[in-house]
Amino acid sequence: MRTVAEVGSQPTFTTIARASCPAWKYPKLPIMYQLARPQQISNGLVEYADLPVIDLSKAFSPESRAALAIQVRDAMTEHGFFYVINHGYTTSQSERIFDIADIPFEHVAPEEKQIYAGTMKDTGSYQGYKLRQYWHIDGGVHDQVENYNINRDTTKRGHPQALRPFLPEIAEFARHNHFNVLHPILRLLALGLELPEDTLVDCHGYAAVSETYVRFMKYYPRSEEEEAKTKNVWLKGHTDFGTITILYSQPVAALQILTPQGSWKWVKHIENALIINAGDAMEFLSGGLYRATIHRVVQPPEDQQQDTRLGVFYFCMSDDDTRLVPFVDSPLLQRVGITRRFEDDAAPTMEQWRKGRTAVYGRSELKPSSEEGVEEEVIGGVVVRHYN
Ligand SMILES: O=C(O)CCC(=O)C(=O)O
Ligand SMILES: [Fe+2]
């Protein structure tokens, strides 16, 4: 298997991209910041989805890139979720990001968290804390999840004191995700549409105005009453609203995806893998080919219920001014057909869509849909569904 160092010597975009991967130069974290790492995997207790694994190092060789693009397209159309391995971060680099991810939750006092709380409803932006109990889940029960969201430009907002020494690392982490993971995946997705390979990269600029950001997320234990009232659902079934979500695999099983056959399957942990899925904006841009897959978070299986679940993500959105209309020039889409959720002249921009979804998520009055166990709301003329 090719190493990242070998990959870095490839020509064209790959050289630029991988050259920005951080050299490992930071000192060890103080002991108080090092996490206990849950080990158990609930084999046998739950049914795992059989998701494809994409070796991203193959994206950096012209010979293997074309074949990989087909694998990614098949993964997206058949499952909507896939793993990525060989993404350029070592296991210890990824583990360190998890240690840093815990800081805004465990090493910041509640009063300071309030100072850095996000203003989702007013601004339609998730930056800062999403504190506990903000989203309504079901039956009057609110969430027990805390998020801390950081724009890839970490200077855009202030951050809690305990996190400040780690901002350069977080900025490098964002850069790494953007250039070494997001852009290569976008090139593969564009090739899958038989479009010039930079078609999607061109609307995901690092320096452009957009909301692409790092998210740290911590799930806190819930009472038995909360578990019962929500039928163990921690985060309702939803689609992400951006283009691509990059999730760093972690050991506590709880994430489930809705399969095309209509059943929920669990996502299994693979050490140092990434879990990738498309969101609404990608579905709109790809004329329905790369579907935004519905997923949810539920109480972990019995053997992991005492473990803390910590999440690390890079949520990707196209540039704010991107109009979310399908790439009609795609020869592939011309052959297989385009599915539209709205007429092109009514299409929202990425900014309008993300603001519309963020402002109301978990706060709006959902209406029952014709399908059992599904509720819906209308955002910008588009029906958005939520699954129990
Ligand atoms: O925690 C997870 O595994 C998934 C969370 C999620 O789906 C989200 O934040 O959109
Ligand atoms: Fe999600």
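Analyst: Two strands pair if DSSP finds at least two bridges between them; helices (H or I, at least four residues) and strands (E, at least two) are DSSP runs, numbered from the N terminus. This is a predicted model, where local features need pLDDT of at least 70, side-chain atom pairs count only at pLDDT 80 or more, and totals for chains, interfaces and linings use all residues. Residues are numbered from 1 along each chain as its sequence is written, with chains lettered from A and ligands numbered from 1 in the order in which they are written.

User: How many bridges join E6 to E7?

Analyst: Strand E6 (residues 145-151) and strand E7 (residues 213-219) run antiparallel, joined by 7 bridges. Glu146 has Lys218 in E7 as its bridge partner.

User: And in what order do the strands of the sheet run?

Analyst: The open sheet has 8 strands, ordered E1-E2-E12-E9-E14-E7-E6-E3, with mixed pairing. Strand E1 (53-55) and strand E3 (128-130) are the edges, each pairing on one side only.

User: Switching to the ligand. Which residues are around ligand 1?

Analyst: Met217, Leu235, Asp240, Leu247, Leu255, His295, Val297 and Gly311, counted when the C-beta atom, placed from the backbone, lies within 6 Å.

User: Last one: where is Ile270, and why does it count as partly exposed?

Analyst: Ile270 lies in the loop between strand E11 (264-266) and E12. Ile270 counts as partly exposed because it has 16 C-beta neighbours inside 10 Å; 20 or more would be buried and 12 or fewer exposed, with C-beta atoms placed from the backbone.
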